[in-house]
Amino acid sequence: MSRSDDVAADPVDDATSAVDGVSEHGGIDPAAPAPNDPEAPYGTMGEPFDRRSPFYYGFVGALGALSAFWLFQAVAGIGSVLMLVVVSFFLAAGLNPSVEFLERHNLRRSFAVTLVIVIALATVALFVVAIVPVITDQVQSITKSAPGWLDELQKNKRIQELNREYDIIDKIKAKITDENFVSALFGGALGFGLKIVSALFNLFVIVVLTLYFLASLKTTTGAMYNLAPASRRDRVAKLGDKVIANIGGYVSGAFLVALCAGLTSLVFLWFTPIGKYAVALAFVVAVLDVIPMIGATLGAVIVCAIAFATDVKTGIICVVFYVVYQQVENYVIYPRVMSKSVDLPGAVIVIAALVGTALLGVVGALLAIPAAAAVLLVVREVVVKRQDLR
């Protein structure tokens with residue numbers, strides 16, 4: 001009998017040999033453990049999953065897409081909270097130059113932070129106590145005077161034609177004189193109250209977060225810098241400190257420019273026929289002047305519109321004043337204040353402001369320019385220099 005007949009006649013022996021580690025070709029399977037091997041009590045590990053398999057690509061791709069969607073939903077859900085954090089960090093960066101100024105005059109950072117915080121809170125409290133009542137009274141006075149201004153507008157023939165066709169003046173007058181006009185703007189008395197509570201809560205959160213960021217700014221940034229590789233940590237720290245310095249300089253500079261606009265408007269309007277509204281209108285000009293590009297123009301348009309409604313001569317004087325002042329602000333005040341904080345081409349400023357406004361509204365417009373300056377700094381110091389080495 002031949003060897004082949006023996007193999008065919010003993011299938012049990014073949015099975016036993018395979019189980020004992022003998023391959024189907026008569027050799028020893030190197031992957032098979034020895035019988036009763038204590039290191040592999042549960043048998044041999046199988047071969048790894050084929051990563052070139054379509055199933056593998058599909059499963060991993062679907063899992064990645066679901067994870068990205070979940071992360072997007074989570075970020076969108078806490079978008080309002082993230083906005084408070086970002087605004088607080090920018091305010092802390094804006095107050096940090098004052099803290100560093102006190103530190104340079106031999107004052108410990110803890111005392112410097114405390115002093116800046118006390119001064120900032122005292123300023124806000126003084127504004128609320130002294131200025132808000134005046135602004136409230138003047139806004140009410142403007143609201144009461146608005147119907148008379150609308151009557152003056154009706155004397156214009158073109159306005160009369162528009163009013164006959166669309167009933168514009170009468171509708172505006174009815175809205176303004178309605179006692180529930182302000183509440184209706186916010187969705188009724190309940191909605192108005194809830195929005196006030198929400199605004200106060202957000203303000204409280206911003207104040208608290210700003211204090212925390214300001215007190216622990218160096219600790220926070222140091223912890224973030226430690227995430228970089230040790231070989232690049234020093235460069236990352238220097239770039240990060242420069243970005244924070246730029247943000248702080250821009251925020252503090254923007255408020256300083258707005259303060260100049262508000263005080264100048266207050267002094268000018270005080271000696272005009274609309275001087276009884278000077279505080280409220282100057283406050284509007286200062287707040288809007290913080291918005292890049294269009295803020296100063298919006299404030300001037302509001303003031304000039306009220307001036308024209310009161311008296312044509314006063315309106316012309318206001319137009320001349322704000323045209324001259326905006327030239328002074330654009331070419332004298334703004335360059336001097338912002339020269340050490342942001343250095344951006346005009347086109348980049350316009351594009352950044354437009355993109356920020358489209359994404360986050362007024363807050364986005366305020367944060368867009370320092371964010372663009374930070375991105376441009378990183379591009380110049382990292383991307384461009386790396387390209388120069390090639």
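Me: Why is Phe89 counted as partly exposed?

Reply: This is a predicted model, in which local features need pLDDT of at least 70 and side-chain atom pairs count only at pLDDT 80 or more, while totals for chains, interfaces and linings use all residues. Residues are numbered from 1 along each chain as its sequence is written, and side-chain values use heavy atoms, with hydrogens and water left out. Phe89 has 22% relative accessibility, and since buried means under 20% relative accessible area and exposed means over 50%, with partly exposed in between (1.4 Å probe, protein chains only), Phe89 counts as partly exposed.

Me: What makes Phe213 buried?

Reply: The relative accessible area of Phe213 is 18%, so this residue counts as buried.

Me: How do you know that Phe89 and Phe213 form an edge-to-face pair?

Reply: Rings of Phe, Tyr and Trp (its six-membered ring) pair if their centres lie within 6.5 Å, and planes under 30 degrees apart count as stacked, over 60 as edge-to-face and the rest as tilted. Phe89 and Phe213 lie 5.7 Å apart, centre to centre, with 90° between the planes, and are therefore an edge-to-face pair. The pair joins distant parts of the chain, as Phe89 sits in helix α4 (residues 79-104) and Phe213 in helix α9 (residues 188-215), 124 residues apart.

Me: What makes α13 roughly antiparallel to α14?

Reply: Helices (H or I, at least four residues) are DSSP runs, numbered from the N terminus. Axes are lines fitted to C-alpha atoms, for helices over the stretch in contact, and angles run from 0 to 180 degrees between N-to-C directions. The axes of helix α13 (residues 295-310) and helix α14 (residues 312-338) come within 7 Å and cross at roughly 165°. Angles under 35 degrees count as roughly parallel, over 145 as roughly antiparallel, 65 to 115 as roughly perpendicular and the rest as oblique, so α13 is roughly antiparallel to α14.

Me: Why is α12 called roughly antiparallel to α13?

Reply: The axes of helix α12 (residues 278-289) and α13 come within 7 Å and cross at roughly 160°, and that angle makes α12 roughly antiparallel to α13.

Terms used
Helix = DSSP H or I, 4+ residues; strand = E, 2+ residues; numbered from the N terminus.
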